[in-house]
Amino acid sequence: MTSVATPAVTPSAGLAGQANDALSQPAISLADIALAHDVRFLLATFVDMTGKPCAKLVPVEAADELESGAMGFAGYAAGLIGQKPQDADLIAVPDLSSFTPVPFIKEGLAIIHCDPHVSGRPWPYAPRVILKNALARLDQKGMQAKVGAEVEYFLVKKNDDGTLSTADDKDDSPRPCYDARGVTRMYEHLTSISDAMNSLGWGNYANDHEDAAGQFEQNFNYADALTTADRVVSLRYILNILAGQRGMTATFMPKPFTDRTGTGLHFHLSLWSGADALFPAGDGKVDDGGRGLGLSRLAYSFIGGILDHAPALQAFLAPTVNSYKRTGATTSSSGATWSPRKASFGGNDRTHMIRVPDNKRIELRSGDGSANPYLAIATAIAAGLDGVEKSIDPGLPSGPGESKPDAHFLPATLLHAVEALRKDPVILASLSGDPEIGAYYATAKEEEFLSWHNQVSDWEIRTYLTSI
């Protein structure tokens, strides 16, 4: 097992202004930061491998105990995080740079993201630790990753018969994307989320109705990879709680409706060396290979690595049984699925797995709403870095709506993705550098698939009851 990155306490763009000023002083404590923001309680938070947020509600009077490593969790009870019932506690070690006051949820409440430790060391199965390890490996090569995330979700309500319907009864058009009326009817919800993001300094810049009835997206500025992953986790929590307060359910389930477009979680990735962007070809330089996208040789190799490892990556980008109802869809009520089926790349074309909207970034479009942002970003970086190290050439970009004949098909089911992961040593070892962690994850996902597969569905009753 490789060495594990030690969490650092540094200022972050994720902090609202007053906390940034406080954290610039080395002696500042979590209690001091909390009191400066009139915070009375802290949600000491981490996620398991499925992305489920786990937390303890800690009064500010016990902030010093939290900071000193006195808050233990029974890891096996917390979820999929590499522990057995007999194992030592996970200790939540707070990252002060992630301090996020959320008074719009509850007055006096804040979220603090934590790195689980066991026996004094960062726990290598913990998703946030996994991402920090991936970023440490990147940093050893003099590079840093910046990431933007597009968080899509549905607003639904559960009917008495157990079925789902759109929370807004009037939102029933087959092609509601960008509908001004739908956005206006959800004005209170959307503006409350926008106000929340802007109060935290995230820079919300757009809020729109997505392609399916009941589906929305709210965007915020890109940041360093860890900050963005923390924000995705925080935003999912904020969306869930604020929607619930209005009698709705915000769901990130990839495909809650058979006939509608599914929910994506798209990542915009770029590599930097300090203040220097590494993806553009550079002033006065000819685009590598004359491919017309303005990217550097390093950027093409990074793309090549992701495409080369695409089938295995889907185990993290599309990590649920339901994910493959989205990627396997051939159409939707709007006429498009916006979900790639092959590992292709091209220009400003949303049908590709990798879209290149400009020469500063790439957009990875095969992830869905169930993806754990820490694991998705970590494994994508590992794949891209492998491409850089091997100087993989992805060839010419594909044309609009096209893909190369030899391009990888993305897995048809979660089980296919698990099989691809087990056959890919680079991605299998991308979780804290330990293939045993990758194997643990693969086994858990295989069991998830088989648990679903063992259930008799309505479709089977309709199809087979009297067919023989």
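I began with strand 11, where Gln215, Glu217 and Asn219 point one way and Phe216 and Gln218 the other way, and all are buried. Buried here means under 20% relative accessible area, with a 1.4 Å probe and protein chains only. Strands are DSSP runs of E, at least two residues long, numbered from the N terminus.

A note to myself: this is a predicted model, in which local features need pLDDT of at least 70, side-chain atom pairs count only at pLDDT 80 or more, and totals for chains, interfaces and linings use all residues. Residues are numbered from 1 along each chain as its sequence is written, and side-chain values use heavy atoms, leaving out hydrogens and water.

Next I looked up the neighbours of strand 11. Strand 10 (residues 206-209) runs antiparallel to strand 11 and is joined to it by four bridges; strands pair if DSSP finds at least two bridges between them. I found alanine 206 as the bridge partner of asparagine 219. Strands 10 and 11 form a hairpin with five residues between them, and glycine 214 in the turn has a positive phi of about 85 degrees. Strand 8 (residues 144-158) is also antiparallel to strand 11, with three bridges. There I saw glutamate 152 opposite glutamate 217.

Then I turned to valine 118: is this residue buried or exposed? Valine 118 counts as buried because its relative accessible area is 13%. I placed valine 118 in strand 6 (residues 109-118). Its contacts (heavy atoms within 4.5 Å) include Gln83 and Trp123, not counting residues up to four places away in sequence.

Notes
Buried < 20%, exposed > 50% of the residue type's maximum accessible area, 1.4 Å probe, protein only.
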